[in-house]
Amino acid sequence: MHDPNEPFENLRPLDVLAIAAHPDDVEQTCGGTLIRMAESGYRTGVLDLTAGDMGSRGTPELRIEESQKAAGQLLLKWRQNLRWPDARLENTISARMTLAGVIRRIRPRTVILPYWTGRHPDHYRASEIGYESCFLSGLRRLEEDVPPHRPFKILYSSLYANVTPSFVVDISHQFERRMAALFSYESQYGDSATASDLFPPHKEVRERLASIARFYGNLIGTKYGEPFVVKESMQVDDIVSMPVRSI
């Protein structure tokens with residue numbers, strides 16, 4: 001793995017960057033959207049903040065290896081891991097400066113963050129750190145040798161939040177590849193006796209995620225969907241061609 005803070009002279013800017021607390025988070029929440037964007041010709045990437053070293057299964061090294069395998073399924077152009085401490089994420093000035101430095105170097109237009117509330121503290125901390133770092137990365141004097149960059153759009157992946165989404169992305173044609181990406185994490189989703197009381201069987205994981213994706217797909221009249229929330233109002237220029245039937 002390369003240091004994500006090294007200069008990225010040979011890396012073209014990303015169109016979409018998803019920032020996650022742990023390896024396999026994006027595969028569960030916005031993986032289908034990342035695949036769809038990549039299939040549309042956009043350059044996509046993922047930055048995992050931790051290697052999930054507090055997990056009951058696998059090792060940090062194995063989970064990073066699995067995340068690189070999943071990156072192939074997600075059609076990513078870039079994926080790195082900051083190796084911050086799992087279950088101990090803190091919104092510190094050091095964390096914000098480090099992440100802002102990465103954002104300045106890979107210059108994403110759109111950033112996907114975890115929803116800002118949730119059961120796991122790492123998830124909402126990642127959201128908080130991510131948002132503040134996106135702001136800081138646009139400050140000209142933050143670094144003298146790297147030009148400022150502030151992402152244009154921030155989306156929050158709300159699949160596990162009990163909230164009404166701002167919009168839903170149709171991932172009907174991407175769902176199977178998304179599941180293949182998730183199951184690249186064999187240490188986590190293979191049928192194993194280790195921590196079997198915490199991890200449902202492979203088949204159950206698939207059925208649960210399919211049910212959730214079907215629910216959100218049904219909201220927009222498609223088979224599978226992924227929900228997102230934005231904090232700002234959305235602009236519509238043509239009310240005649242708007243998708244999703246009202247009645």
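Of the 30 residues in the largest nonpolar core, Ala18, Val26, Cys30, Leu34, Ile112 and Phe175 touch the most other members. Such a core is a set of buried Ala, Val, Leu, Ile, Met, Phe, Trp, Tyr and Cys residues joined through side-chain atoms within 4.5 Å. This is a predicted model: local features need pLDDT of at least 70, side-chain atom pairs need 80 or more, and totals for chains, interfaces and linings use all residues. Numbering starts from 1 along each chain as its sequence is written, and side-chain values use heavy atoms, without hydrogens or water.

- Beyond its neighbours within four places in sequence, Cys30 contacts Ala18, Ile112, Ser157, Glu226 and Phe228 (heavy atoms within 4.5 Å).
- A second, separate core has 26 residues, among them Leu14, Leu89, Leu113 and Tyr115.

**Helix α8**
- Helix α8 (residues 202–219) has 18 residues and spans 27 Å from first C-alpha to last, close to the expected 26 Å (1.5 Å times one less than its number of residues).
- Val205, Leu209, Ala210, Ala213, Tyr216 and Gly217 of α8 are buried (under 20% relative accessible area; exposed is over 50%, partly exposed in between; 1.4 Å probe, protein chains only).
- These buried residues fall within an arc of 130° seen down the axis, so they line one face of α8 (directions from helix axis to C-beta atoms).
- Lys203 and Asn218 are exposed on the other side of α8.
- The buried residues of α8 pack against β6 (167–170), α6 (175–182), α7 (186–189) and β7 (225–229).

Notes:
Helix = DSSP H or I, 4+ residues; strand = E, 2+ residues; numbered from the N terminus.
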